[in-house]
Amino acid sequence: MSNYVEARRGPFGGDARDERARVTIAGNPAEGLERAAYYALLAFVALLPFSIAASQVLLTCSGVLWLALVVRGHERFEAPAMFWPLAAYAGATLVASLFSVDPPTSFLDCKQLLLFSIVPIAYRLLPGRRALTAMDVIITAGAISAVIGIVQFGILQFDSLGQRPRGLLGMYMTYSGQLMLVACTATARVLFRKDDRLWTALLMPALIAALAATLSRNAWVGACVGIGLLFLMRDFRLFAVVPVAAALFIAFAPAQISERVYSGFRTKELRHDSAGTEASVLSNRDRLAMIRSGLRIIKDDPLTGVGPDMVIKVYPYYRDPKAVQQLNSHLHNVPLQIAAERGLPALALWLWFIFMMLRHFVKNRNSAMPALNNAALASTVAMVAAGLFEYNFGDSEFLMLFLVLVTLAYAADRSTAATPPPA
């Protein structure tokens, strides 16, 4: 018996099979490729709130390394179930471009479809606990970006509708959308993850304050819906905190923010209105006019729409008499914009994509890693709610972060034969 045991041991006292596994891993060139792809993707996620150029370069690197891993390892292509309606939506977009008012311009706009590759890339490179690491990177980077926005609002006087906090991004609407997603993710981490919650809780005030400072009502609506849903899921009694927090927020918020809240319910000017309130009222009125214009576009081109990036070209012909702006590049409503640009079949595919995700997230809300799943659920409902007032799904920086977050919930349940890099 002793001879048998000795024969089973390796030179360092371990099992010979374990020793062979260690030697195989150490001598496997694919390990370095795996490690490089993983860290490139984490760097891409970390830079999303700061630079679209740098983040897209890193996404390209991640994609090349992912492709090399798949080809070298003779792996089959794998993607979560929700990727297929998204791919079909991409196909419908290409068809809409073919029948566009201006096909070359529409096909050029289709380059954004390449961002959908984030789903299979993140699904392959962020399995298991790697997904939790990516979640922590997203929250940390988002909090740093939030501090920059707070400084802009409080010190640099980015405190009006004409000059709003935007972090290091080029557009305040993109900035507020990303903060909305990060706030939902951080809340899910605090409520549904048992370890290391304190640091996330300490970051929450900065995220909420920066989001409020953007004066972006669509992101406020999305964050309230997403975070409110998380409260309901964790403990129904927590939902009572929402109206109390809202009341305190309105009572103690700076005048610009509280006035922005009130203006969301007005469509007529009052004599004592400020210039900012008047602008908000005109914006509300214009959004209603855009809905009527969009419906007329859909009525004329229900199958393929007018083509991606073509709403701005046809808008003067469909402009509602009560519209405020002479031109609008999009219709400030995701479902309406998709139907007008790409047709009702494309809208049906997009809704299928959303339904597939929501069904999966609700079904797996009590999974082994509930924080990731519920963060994805909250981010999805927040995106849909905010998307009724802004075309956020067409914003590349927002879309990249959103696709990473929803894919993490699927990737967390996936196992891989590849050796994960050390933490």
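Start by selecting Thr 174, which sits in helix α9 (helices are DSSP runs of H or I with at least four residues, strands runs of E with at least two, both numbered from the N terminus). Thr 174 is buried, with a relative accessible area of 5%; buried means under 20% relative accessible area, exposed over 50%, and partly exposed in between, with a 1.4 Å probe and protein chains only. Leave out the neighbours within four places in sequence, and Thr 174 is in contact with Leu 169, Asp 395, Glu 397 and Phe 398 (contact means heavy atoms within 4.5 Å).

Before you move on, a word on what you have open. This is a predicted model, in which local features need pLDDT of at least 70 and side-chain atom pairs count only at pLDDT 80 or more, while totals for chains, interfaces and linings use all residues. Residues are numbered from 1 along each chain as its sequence is written, and side-chain values use heavy atoms, with hydrogens and water left out.

**Zoom out**

Show the whole chain as a cartoon: there are 19 helices and 0 strands. Of its 423 residues, 51% count as buried. Among contacts with a separation of 6 or more, 73% are between residues 24 or more positions apart.

**The core**

Next, pick Phe 44, Trp 350, Phe 353, Met 357, Phe 393, Phe 402 and Leu 403. These have the most contacts inside the largest nonpolar core, which has 113 residues (such a core is a set of buried Ala, Val, Leu, Ile, Met, Phe, Trp, Tyr and Cys residues joined through side-chain atoms within 4.5 Å). Helix α19 supplies the largest share of this core, 13 residues. In soluble globular proteins, nonpolar side chains tend to be buried together.

Stay on Leu 403 for a moment. Beyond its neighbours within four places in sequence, Leu 403 touches Leu 86, Leu 115, Phe 116, Ile 118, Val 119 and Phe 353.

**Two helices crossing**

Now colour α8 (residues 129–154) and α19 (residues 396–411). Their axes come within 10 Å and cross at roughly 145° (axes are lines fitted to C-alpha atoms, for helices over the stretch in contact, with angles from 0 to 180 degrees between N-to-C directions). Which residues meet here? From α8 they are Ala 131, Ala 134, Met 135 and Ile 138, and from α19 Leu 401, Val 404, Leu 405 and Leu 408. By class, that contact has 8 nonpolar, no polar and no charged residues (Ala, Val, Leu, Ile, Met, Phe, Trp, Tyr, Cys and Pro count as nonpolar, Asp, Glu, Lys and Arg as charged, and the others, Gly among them, as polar).

**Charged pairs**

While you are on α8, select Asp 136. Asp 136 forms a salt bridge with Arg 193, the closest N and O atoms being 3.3 Å apart (a salt bridge is a side-chain nitrogen of Lys or Arg within 4 Å of a carboxyl oxygen of Asp or Glu). The pair links distant parts of the chain, 57 residues apart: Asp 136 is in helix α8, and Arg 193 in the loop between α9 (172–192) and α10 (198–213). Both Asp 136 and Arg 193 are buried.

Arg 193 also forms a salt bridge with Asp 195, with the closest N and O atoms 3.0 Å apart. Here Arg 193 has 10% relative accessibility, whereas Asp 195, at 32%, counts as partly exposed.

Then jump to Lys 313 and Asp 102, another salt bridge, its closest N and O atoms 3.2 Å apart. Lys 313 lies in helix α15 (residues 311–318) and Asp 102 in the loop between α5 (83–98) and α6 (103–109), so the pair ties together parts that are 211 residues apart in sequence. Lys 313 is partly exposed at 41%, while Asp 102 is buried at 17%.

For a network of salt bridges, select Glu 34, Glu 75, Arg 124 and Arg 130. The count for the model comes to 13 salt bridges.

**Last stops**

Go to Thr 93 in helix α5. Thr 93 is buried, with a relative accessible area of 1%, and its contacts, leaving aside neighbours within four places in sequence, are Cys 110, Leu 113, Pro 308 and Arg 342.

Finish on Asp 309, in the loop between α14 (275–300) and α15. Asp 309 has a positive phi of about 65° although it is not a glycine. Most residues other than glycine have a negative phi.
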